[in-house]
Structure formats: C-alpha cells, structure tokens
Amino acid sequence: MELGSKLRTRVLKLRSFRRHMAIAVHTSFETVRLNFTRAVLASMSRNHPIPSGRTMSRKRPVGSAKRTRTARSFEQPKKTKVVLLACGSFNPITNMHLRMFELARDHLEDTGQYEVVQGILSPVGDGYEKKGLIEASHRGEMAKLAAESSSWIGVDTWESRQANWLETVKVLRHHRQELLSREPDTDVVGTAKAGRKRKRMDASSATKRRKLEEGPPQRSDEPRLMLLCGADMLDSFGVPGLWKPEDIEEIVSSYGLVCITRGGSDPEAFIQGSDLLWPHRHNIHVVREWVANDVSATHIRRALRRGHSVRYLLPDPVLGYIQERGLYTTE
Amino acid sequence: MGRIPLVLLACGSFNPITNQHMRLFELARDHMHHTGRFQVVGGIVSPVSDSYGKRGLVPAQHRVAMARLALHGSGWVTVDDWESRQPDWTETVVTLRHHLQKLLGQQPSAADLQMPHSSLEGSSEPPQLKLLCGADFLDTFRVPGLWRAEHVEELVGRFGLVCVSRGDLQADRAVHESDTLFRHRHNIFLVREWVRNETSATEIRRALRRGLSVKYLLPDAVIDYVREHQLYTWQSEQRNKDAVLRPLGQQGAPSEPLNDS
C-alpha cells in the first residue's frame, strides 16, 4: 500500500504519539506493531500515559498526571534512529533481499532501543565486473519496482552510477553525509524517496572533504547508519586480503552491522574469534532467521535461464520487467 | 501435439495462503510441462472446511477470501470453495471425484470408476486431474489404519500425484517402501525444489501473533486482509485447541491427515 504524496506530507507533519497513530492508520500492516497497540491503550487511559514495554515496571503515583494526553505527555525512552543500508548486486532483487530489511527492523525495534526510519538499497556499479552482472540501470529499476510497495525502503543509485567499484566503507561515508545534509527536523519516514529530490547539490567538494576528515559532527537526532548484510559478508571479513582492517574497524565502530544469518553459519562464534570485531560486538546485531530461506538471486537467474517460473520469489513488477526485456535468458 | 490437458488440485488449510503455496503450483506446472506429455491448463486451490477442526483454523470464508486475493493475478490458478462449504469434512478422494466430474462435464458411472482414462468423443485427449502435494503427504499412507486401501489405490491409480519436495530423497523412499505407490510410480510425479524455502503458514501465523513482519512472504493484499479482519492472534491460535481432528473423530471410519504445511 503506497501513501499518496499529499497524504504522506500530512502524516509526516505530525509528531510522536499522534504520528504513531496516523501512521498506524494509514500505512500497511507491517508498520502497525507495538506502537499502535500502545497508542490505542494510551487513548483509553485517563491518567497514565502508557509507557513502553521496558518501563512498564516504573511506578507512577496516580495523581501525578495532570498533563493532558498530548503528544508531549506520551513518554517513551529516547530511541536511536536507524537507517539500514544494504549494498549488493541485486542481480536481480528478490523477496529474500526485501525480507532482510523487514527482519532487521523487527529485530532492532524489538530491543526497544532503536527506531528504524529508513531502508536503502544500494545496487553495486557495473565496475564490479561480476560474471552475469547485468547493467546497473536495469538492476536499479528492478529494485525500485520491488520497493514501491514499501513505505520505508527505497533505492539509491549513487553507488551504481560511479565509474569504478567503491569499497563498502566509502558508500557508507557517502550516505552518512547525505543523512547529515538533510534538514534536522525533518521526519525521516517516507522522505527517503522524496528527500533525494531535495538533495543539496551546492556543497562544495572542499567542504565535503573537510567534513570527512573531521568526521561527521554528531547531532543528537542524527540517525545511525548501519550496514545490513548476510552472514556471508561477515564471514568474508576473515578472508585474507579481501578487506582492509581499517575499513572493517570503521564499519563496526562508526556505523554498525546488522547481520542476517542463514542456516549453517555461526556469526556469534566468528565475532568471538575476531580481535578486530569483538570490541565492537555491541554494534554488531545478529538476526537469526529461524526459517530457512535459501532462495537466492543465483537460483533465480538459473531458473530463468532454464525457462522455469520464478513467480512469487520476487515481486510481480520485477518479474514483469525481466520478462518484457528478456533479461537473464543466457549465461 | 497429443499433450494431455492437466489440472492440478491442492487441498489444504491455506491458513493463510502463502507465496510458498503458490510456488508449488508454479513448480508443478513447469515440471509436468517439461515431461512433454502434459499441458497444464488449470490449478485449483481447495481450502478445507471448518469442520476439519485443526488448531488455529480461521473461518473458511476468510481463508477462501485470502486465497482469492492472493491468486487474483495468477492467470491459471483459481480458488474453489466447494469443499469448504460441505457440512462435514470431505475425504480427499471425494473432493477429487467432484472436481474431475466437473472437469469432464459428465456424470460419473461405474465404468468411469473402473477405467483410469475415460475416452471422450473426439480426438483430443481427455483432461486429467492430479493431486498436488508435498513429500510429507506420501508418508501418511504408511500409517496403519489411516487410509482406506481402496482410497489410496484410487488416489494414485485413477488420479495421480504431483509431489513437490526438497532435494532430499524422502519422497523417493516413500514410493519405494509402499507396494501400492510403487505399482503406480509412473503416476506419481516427484518435483524437486532444490532450495530450501520453509516459510510455512505456521511460521507466518507465529510471526503475525508476535507483531512481526510477514511482508514479501505472502501478497500485500492478503496481509491487508489479515489486518482488516484482525485474524491470526493468540486467541485465534487457541481455536480447536482441545478438539480432535475431524478425520480422527469419525466413528469407525479410517482417518487421514491433511496435506498441508
């Protein structure tokens, strides 16, 4: 279910409690979770703003709440806003890729410490030169079609438009800059797609370089950018020569990892055994996918080559795009 | 070309229908087509009736509605609510007979029941109806007293099975270990799904109870429906908690478990 742009603007102007209610009413089911229930309960309570699950045990004297039930009286512990970035071939994008975002968001929000406000798909550029990698323009378009039905996941083609392949850490740095250059009081939900249109093109390259050297200034409401990946990426940290140690260090210290496991890998053990990763273990979130789901883009490409159906493994609009252009029919 | 027109029928709870259910049809169609002998002309989703008594089963009207939403853009798979509207639980073979009768557009006669392929006037091949199922369904034949021998015979002899399983050999073993199945092995088509995709309706209900996302595991329209009607809560999972599965409760009648996941 996609929000109309006018409706989205109205929704974004609401704050905290009322924002939760409005979003709960207007967006699709996957965003209606504990927040909605709490909001409903809060509207039913007369004196007690309903705290989050974490603070339920905190006792409040009955008569203390002279406050009206306004947005500002709705107390919740301050949560860190998170933006999830996934880098990959997306060759093509699949339901599994999109599931990763959903799993990551559920996991982070379940801790009570985070609010995931945006998801970014960043397809790799053609300079990556992987066998069977079709043009970035197609991969970006398919990702956009796939993300259309999502209220919070969008596509950024900056990486795919670079001439040469970029290290992951550089992509992270770029997107962090993008987040910083946004208006500080803008609610991020839903602006992921609109925001890129308002991207500031006027920052000089010198300013940008200085900002990078100094390190981005920490705003209190700055969303934390975290890298979303599969366990295989985490495992790849152990491959000699594949990653620069300083890059790994930067990723897990300045950013953070959200790592979705497939069966057969043990990320916790890997972190435990790595002197580089272990100090930053609290910044590496391992999301266990309990249900095995091995459907990969590789499998889909193979099926397409053989003329087999891949319906329901990826969104219908993506499948339509592939069929119309006859993509992935040959090696 | 001489290809036999084929319709695939899947019986199950569809509680709710998922992308995985719809994948079964896609895989089966590809496989049967690639044998060179069949032309898959249709697929039927037949949700079980409420009297089946399975735990957590939400009313059939919802399960049928969700299946229709999911298959809206399918182009070849439809939903049939005949089984769900029957007053009592219907044996699989009875459902198959009903749908074959509809397909053939003729009254079933004793002669039809004897002959696996009734010949119609005209040169075109008569359409066939086969049951679409998963590998665990085959294992149920081995449980003593669970199936009437003549039902198994009719199911695999007269109709046939299209059985989708993972790359393991569970289905092959089940055919090997049953004389009835072995005798009709040419009417049992084993379709391999090499990649694991275990996102079942059970998992999805669990996720929904816990307020977790199920997006991309089933169509958005079904998720919206679930939300609008507030299906699949902790309460709904308690439904039929102490009930006995209808097939097991029938006095003096053999029982059969349902083919679903």
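## Ser296 of chain A

Ser296(A) is located in the loop that connects β6 and α13 (297–305) of chain A; helices (H or I, at least four residues) and strands (E, at least two) are DSSP runs numbered from the N terminus. The model is a predicted one, in which local features need pLDDT of at least 70 and side-chain atom pairs count only at pLDDT 80 or more, while totals for chains, interfaces and linings use all residues. Side-chain values use heavy atoms, with hydrogens and water left out; residues are numbered from 1 along each chain as its sequence is written, and chains are lettered from A and ligands numbered from 1 in the order in which they are written.

Ser296(A) counts as buried, because its relative accessibility is 15%; buried means under 20% relative accessible area, exposed over 50%, and partly exposed in between (1.4 Å probe, protein chains only). Leaving aside residues up to four places away in sequence, Ser296(A) touches Thr94(A), Met96(A) and Arg262(A), a contact being heavy atoms within 4.5 Å.

## Helix α11 in chain A

Helix α11 of chain A spans residues 245–255, and its buried residues are Asp247(A), Ile248(A), Glu250(A), Ile251(A), Val252(A) and Tyr255(A). An α-helix has 3.6 residues a turn, so residues three or four places apart point the same way. The buried residues of α11(A) pack against α7 (168–180), β4 (224–230), β5 (257–261) and β6 (284–288) of chain A.

## Fold of chain B

Chain B contains 13 helices and six strands. Of its 261 residues, 55% are buried. Among contacts in chain B between residues at least 6 apart in sequence, 79% join residues at least 24 apart.

Strand β1 of chain B (residues 4–12) is mostly covered, with eight of its nine residues buried. β1(B) pairs in the parallel sense with strand β2 (residues 38–47) of chain B over nine bridges; two strands pair if DSSP finds at least two bridges between them. Leu9(B) has Ile44(B) in β2(B) as its bridge partner. Elsewhere in chain B, Gly134(B) belongs to strand β4 (residues 128–134) and is buried, with a relative accessible area of 14%. Gly134(B) and Asp80(B) lie 54 residues apart in sequence and 20 Å apart in space, C-alpha to C-alpha.

## Helix α11 in chain B

In chain B, helix α11 covers residues 220–229, where Val222(B), Ile223(B), Asp224(B), Tyr225(B) and Val226(B) are buried. The elements that cover the buried residues of α11(B) include α2 (60–70) and α10 (201–209) of chain B. Gln230(B) follows α11(B) and has a positive phi, near 50°.

## Interface of chains A and B

The contact takes 33 residues from chain A and 28 residues from chain B. About 2,800 Å² is buried between the two chains, 52% of it from carbon and sulfur atoms; buried area is the accessible area (1.4 Å probe) that two parts lose on being put together, summed over both. Arg196(B), Tyr216(B) and Arg227(B) supply 27% of the area that chain B buries against chain A, more than any other three residues.

On the side of chain B that touches chain A, α1 (19–34), α10 and α11 of chain B each supply at least two residues. The largest share of that side, six residues, comes from α1(B).
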